[in-house]
Amino acid sequence: MKAFLLHRERDFDWDTKLPKNADDLIQDLGLQTLFDAMAGEDRVIPTVAPKVVLGGLRDVDALLYRQAVLRDCLAHREIVREIYALAEEAITEERRSFWGLTSRYPSTILRRGRDILPMFLAILKRMRLIAEAHADWFASDGFRRFFSMLETELEDDYLAKVDGLLKTVEFPDGILMSVRLGKGNHGTDYVLREFVRPNKNWIERILPPAEDGLTYHIPPRDESGMRALSELGDRGINLVADALGQSTEHILAFFTTLRSELAFYLGCVNLQEQLTAKGEPTCFPAISPAGARIRDGANLYDACLSLLAKERIVGNDAAADGKSMIVITGANRGGKSTFLRSLGIAQLMMECGMFVPANSYRASLSSGVFTHYKREEDASMESGKFDEELKRMNDMVAELSPNAFVLFNESFAATNDREGSEIARQIAEALVDSGVEVAFVTHLYEFAHRLWVERKDTTLFLRAPRSDDGERSFRLAEEEPLPTSYGEDIYYRVFGEAAQFLKS
Amino acid sequence: MDPPFFADLYLDQIADAMFAGREAYDLKPLFRVPLGDVDAIGYRHEISRDLENDEARKCVDTFADAMRAVRAALETESKLRYRYERERWRLDAAETYCAAIGNLNEGLRRPSVRSHGLVAFRDFLEQYRTSETFLRLADDVASLRMGLSGVTYDVLVGGERVSVRPCGEERDLVEAVLETFSRFRQGATKSYLVTFYDRGALNHIEEKVLEFVAQLYPELFTELDRFAERHADFIDETVARFDREIQFYLAASDYAKIFEAAELRTCYPRVDPASKTVRARETYDMALAHRIVATNGPVVTNDFELSGLERVLVISGPNQGGKTTLARTFGQLHYLAALGCRVAGSEATTFLFDELFTHFERQEDPASGRGKLEDDILRIHDILEHATSNSIIILNEIFASTTARDASVLARAIMERILALDALCVCVTFIDELASMSEKTVSMVSVVDAVDPGKRTFRLERRPADGLAYALSLAERYGLTYDRLHDRFKKVER
């Protein structure tokens with residue numbers, strides 16, 4: 001029995017580590033806000049969401065599989081929540097009856113298995129009933145397989161068989177085992193045999209029948225004898241107790257896996273509910289294979305920023321099909337960083353099977369999203385900071401492969417414009433020529449200008465505009481980089497009219 | 001009891017390190033008996049070289065492991081009470097023994113085994129394996145083993161009773177459970193198997209069960225009784241001796257490997273009974289080196305040589321420069337050579353001594369009623385009473401507890417006697433003139449570092465004892481040599 005709701009034919013690997021750049025991504029793209037919105041009050045989603053969101057898939061078909069499952073979840077969220085609650089119930093019940101360490105006595109382990117397995121099977125049966133009632137409403141391959149599995153694997157005959165087996169291992173007629181002789185003529189290779197005494201009458205309960213063989217009765221008050229006898233029985237039970245213990249563990253693992261996989265989808269449902277409540281649009285992206293160089297969106301917005309703001313926020317259209325490099329320049333506070341983030345977030349959400357925050361979106365897959373942002377630390381020493389930037393870049397390069405998507409935000413500016421520009425140019429061009437996709441927010445004029453002069457077909461120039469009165473519209477336009485970023489605007493706004501006066 | 005020079009030469013430490021982990025074999029008595037003739041030493045060298053072959057070594061190790069298992073099984077047997085349990089341990093011991101004899105015999109047949117000692121033992125094994133005693137043992141073991149491995153029975157535990165009966169046809173419940181729950185399998189989970197620790201002896205319920213099993217297989221268990229009676233003492237005496245004595249070689253070889261692993265050399269010394277020429281290259285104090293190697297420190301090696309008429313090595317020089325260590329090394333080298341072991345160094349020639357004497361400084365013994373000087377003289381007198389021209393005498397810092405003049409007079413007197421005796425001698429001393437007393441004496445001096453005289457080099461060189469090298473280099477360091485002073489004055493003048 002497998003959940004298989006995140007992958008068509010395998011479990012999600014929950015033990016896998018987050019990618020090395022996970023911390024950078026979370027910080028630079030503000031993903032914690034996204035995870036929090038997904039989680040709501042739930043305690044499982046926070047442990048699950050980062051792993052799925054940051055563990056992007058590189059295969060279009062695998063993503064379509066998830067998109068379909070997510071569509072089902074959005075359409076029938078109450079039923080999915082019910083299944084999720086059942087898995088939760090099983091896990092909680094199991095934990096409640098668990099008293100700590102594994103027992104040293106097979107008979108105790110066996111008893112625990114006999115207690116928990118019926119509870120597990122009862123919950124599984126309730127899941128099966130849900131499946132029988134609602135399976136037809138679900139359209140995704142994932143849910144269809146899941147429901148039909150519940151129906152076939154948990155049919156009544158099977159449940160009855162399990163019931164019988166659990167009764168047998170209560171050993172009402174004694175524990176029968178076959179044994180061989182080992183070292184020192186001690187018994188070894190104990191194999192437990194099924195043993196049910198036919199037609200037990202009252203005499204046989206007291207006197208063992210002859211076919212039992214040579215019999216020894218432990219005299220009354222021989223306590224060590226009784227202990228030895230029960231240990232002998234334990235040796236026989238050992239393997240069966242182990243088998244039951246492991247079966248319990250397996251079913252528990254099924255519930256745990258199911259809960260984790262559903263947690264991701266319910267996190268998506270939660271997120272969508274919040275965005276929709278604000279009137280923000282979401283859409284399922286059209287996905288192309290890596291290398292297709294497709295990136296085109298209408299009203300692409302930064303979901304994390306929106307979640308933090310009261311109002312709806314301004315999105316951008318991104319028409320970057322065929323582009324390997326997007327150079328973003330322009331006015332301060334003009335929405336450059338927001339746009340860069342929205343590119344990164346949309347890519348990550350698409351690559352884990354989620355909807356994206358936009359009216360419409362299509363893009364090709366990457367081999368991984370990376371961020372290289374200006375950092376605040378070590379501000380006292382400019383050379384040290386520049387050194388740190390290069391070191392981080394060096395670390396990142398070790399992780400890059402073709403079709404990676406690298407977001408630079410004001411990188412290599414911790415030196416003068418000329419040096420910074422030269423380094424930025426060399427790095428950016430080297431990446432692009434190696435098949436990496438780059439989006440670069442920069443104030444380095446020489447860098448941006450030089451790219452503009454070359455004006456390759458594969459480079460897109462976006463500029464954050466500034467209307468003449470200094471107000472910003474936050475909508476980027478395809479335009480030539482300018483040597484100013486209108487930093488004075490902000491200066492004047494902050495210092496107010498007095499400064500304006502001084503200027504004149 | 002160890003002879004008195006063991007402690008002085010650290011031979012006690014060497015023995016402890018060499019035999020560590022092999023205490024059960026009681027090998028120290030072998031270590032206390034140096035060999036008196038060259039052939040006996042050569043006999044050991046041959047065996048030792050044979051065992052340097054990896055396959056031969058493995059074969060002997062395997063045999064030793066098996067014999068340990070045999071003894072352990074017999075030890076277990078001796079502690080047990082219940083008949084069928086005891087007898088089975090005896091049977092298992094005998095089975096291990098028979099297999100070990102066979103394997104050892106096969107192993108010693110390989111062509112690399114050439115030494116007189118091992119070839120003779122192999123011939124013994126060939127005979128022993130076809131002896132009536134051994135064949136009977138092997139046959140009995142085989143038939144009983146087969147019988148017992150075929151024993152199966154059912155045990156039924158219920159209420160306050162336990163029953164034993166021949167094996168039935170009932171379904172394996174474990175398989176039934178695994179099969180039933182197989183559809184839930186999710187990959188590896190932790191094991192819930194409980195480990196039952198064998199407490200060694202059967203409890204009285206298990207004894208009962210075994211008794212019933214014996215009743216199910218009466219003939220087999222009667223045979224088992226007979227086996228124990230018939231083969232009360234099955235280990236052959238010669239085999240037992242081999243098992244012990246071969247460990248001496250393995251221990252010595254493993255000990256040498258400790259040094260080889262640290263890139264220190266060991267070698268089989270040439271032992272020439274006719275000549276008093278002794279020499280060693282890149283040699284070292286094994287006891288000291290063993291400690292240093294354990295902490296990955298550097299070990300300094302030295303050379304020495306006495307040839308022609310030379311008999312006495314006089315070692316002088318600054319303190320803590322490795323003088324005593326070299327004296328000790330000289331003694332160790334000769335003693336280990338006389339045991340037929342590998343010795344420290346890339347090359348060595350040793351003398352086959354009749355007795356080895358040491359005189360190292362002793363703690364004053366208040367109970368003796370004698371002063372320290374008196375005690376020293378008495379001990380040396382005793383040595384000279386017993387020493388012959390074939391003895392080795394090692395003197396360390398004699399007469400340290402008197403005035404320089406007295407010491408010099410006394411030491412020269414003693415040295416005259418040793419020179420007259422023509423014995424080999426090493427003398428560590430601060431009395432420089434001993435070094436040039438005669439053409440029979442050779443002077444070795446501990447070397448100081450030219451740049452930093454405070455640094456110990458632990459190297460010793462063969463050269464006259466002038467007592468100057470150390471002082472000169474110290475002066476250099478403080479800028480007080482002639483040239484340095486000259487330069488300094490010139491600067492001042494200008």
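Two strands are taken to pair if DSSP finds at least two bridges between them. In the predicted model, strand β10 of chain B (residues 356-359) and strand β11 of chain B (residues 392-396) meet this criterion, pairing in the parallel sense over four bridges. Within this pairing, B:Leu356 has B:Ile392 of β11(B) as its bridge partner. Side chains in a regular strand alternate between the two faces of the sheet. In β10(B) both faces are covered: B:Leu356 and B:Thr358 are buried on one side, and B:Phe357 and B:His359 are buried on the other.

The contact between the chains draws 59 residues from chain A and 54 residues from chain B. On the side of chain B that touches chain A, at least two residues each come from α6 (83-108), β1 (152-158), β2 (161-166), α9 (173-181) and α10 (204-216). The greatest contribution is that of α10(B), with eight residues.

Chain A contains an open sheet of four strands in the order β4-β8-β5-β6, with mixed pairing. Because β4 (286-288) and β6 (316-319) of chain A stand at the edges with a single partner strand each, one side of each lacks a neighbour in the sheet. From one strand to the next, the twist averages 15°. Strands β5 (residues 295-300) and β8 (residues 360-364) of chain A pair in the antiparallel sense over four bridges, and A:Arg295 stands opposite A:Ala363 of β8(A).

Notes
Residues numbered from 1 in each chain as written. Chains lettered and ligands numbered in written order. Predicted model: local features only at pLDDT ≥ 70, side-chain atom pairs only at ≥ 80, totals over all residues. Buried ≥ 20, exposed ≤ 12 C-beta atoms within 10 Å, placed from the backbone. Contact = placed C-beta atoms within 7 Å. Axes fitted to C-alpha atoms, helices over the stretch in contact; angles between N-to-C directions.
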